[in-house]
Amino acid sequence: MNRVFLLFILSTAFGISQIQVSLGAGASIDFFYLLLQWPGSQCNTKQGCCFPVLPKKPNADFIIASLQPFYYNGTFPKNCDSTNRFDLSKVMDLKKSLTENWPSLTCPRSGSKKLWADEWRKYGTCSKPALTEHEYFEAALNIKKKVNLLNVLSNKAIKPDSKSYYRVGDILDAIRNTGLNVAGIYCNVDKKGKSQLDQAILCTDPKVSAIVECPGIPMTGICGGDTAIKFPPL
Ligand SMILES: *[C@@H]1O[C@H](CO)[C@@H](O)[C@H](O)[C@H]1NC(C)=O
């Protein structure tokens, strides 16, 4: 899913059609895309969702979908250090928070360890200036908490509910008005084919310490400002 997503960004935001992935790239990265996903909109799809820890229903909150390094020229490094394998023992102190904030939603239900290992292998190892495994995951959790997207939206009366439709432009404005820069909103469709809020795309600095202006704004793959979308309860 992420690969398709990146294709959209690359082919539109940066006006190039050919993805060039620099393996084991040496250059410092310029920014990260931080993808925050609304789990209610995954659970509502035909595929549905499976949370790693049951029977407990997770908190109704956005989750981290991905944190991906990019260069200004629209290319991105990937799989930068195969010797630097994900090691759960290095993030044991974060495990509870990762399970809540960065869970795997795929079915059949599994733990989220594979997801974290994949993200670390593909993206985390490419953070440069280098973040350790612990720093990468901790920084993602911190920035997600700092953004507090659910709160940002509820303050503007944009709340999960089964009946309302919200204009994408109003959602983007609500986020921007808090001083956060947002590149766009990804939509997916529920079982009835209605568009709904899937992910918000934000950008961070290379240390994942602050939200920054996104250098590229995807133009397809994101929903247009006038689209009316649902924000379904979880
Ligand atoms: C994009 O920028 C990075 C970092 O400066 C560089 O390593 C890479 O070769 C560049 N790729 C292209 C296609 O310009």
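1. Let's start with Val208, which sits in the loop between β7 and β8 (211–212). This is a predicted model, and in it the phi of Val208 is near 55°, a positive value in a residue other than glycine. Is Val208 buried or exposed? It is buried, because 24 other C-beta atoms lie within 10 Å and the cut-off for buried is 20 or more. The strands on either side, β7 and β8, form a hairpin with six residues between them, and Val208 belongs to the turn.

2. Now follow the chain back into β7 (195–204). Nine of its 10 residues are buried, so the rest of the structure largely encloses β7. Which strands does β7 pair with? β8 is one of them: two bridges join the antiparallel pair, and Cys203 stands opposite Val212 in β8.

3. β6 is another partner, running antiparallel to β7 with seven bridges between them. If you want a pair to click on, Tyr186 stands opposite Gln199 in β7. These two strands make a hairpin as well, with five residues between the strands, and Gly193 in this hairpin takes a positive phi near 85°.

4. Then there is β2 (31–37), which pairs with β7 in the antiparallel sense over six bridges. Here Leu36 has Ala200 of β7 as its bridge partner.

5. Next, the core. The largest nonpolar core has 56 residues, and those touching the most other members are Leu34, Leu36, Ala140, Ile171, Ile185, Leu202 and Cys203. Several elements give two or more residues to this core, among them β2, β3 (63–70), α5 (133–147), β6 and β7.

6. Which residues of α7 are buried? They are Val168, Ile171, Ala174 and Ile175. They lie on the same side of α7, because they cover an arc of only 125° around the axis. There is a handy rule behind this sort of pattern: an α-helix has 3.6 residues a turn, so residues three or four places apart point the same way. As for what lies against them, the buried residues of α7 pack against α6, β5 (161–167), β6, β7 and β9 (228–231).

7. Cys107 and Pro108 are joined by a cis peptide bond, with omega about -5°, and Pro108 is in the loop between α3 (95–101) and α4. A cis bond also runs from Lys128 to Pro129, where omega is near 5°; Pro129 is in the loop between α4 and α5. Asn79 has a positive phi of about 50° although it is not a glycine. You'll find Asn79 in the loop between β4 (76–78) and α3, and it counts as partly exposed, with 14 C-beta neighbours inside 10 Å.

8. Finally, zoom out. The chain has seven helices and nine strands, and 40% of its 234 residues count as buried. Of the contacts with a separation of 6 or more, 76% come from residues 24 or more positions apart.

Methods. Residues numbered from 1 in each chain as written. Predicted model: local features only at pLDDT ≥ 70, side-chain atom pairs only at ≥ 80, totals over all residues. Core = buried A, V, L, I, M, F, W, Y, C linked by C-beta atoms within 7 Å. Buried ≥ 20, exposed ≤ 12 C-beta atoms within 10 Å, placed from the backbone. Helix = DSSP H or I, 4+ residues; strand = E, 2+ residues; numbered from the N terminus. Contact = placed C-beta atoms within 7 Å. Arc of directions from axis to C-beta. Pairing = 2+ DSSP bridges.
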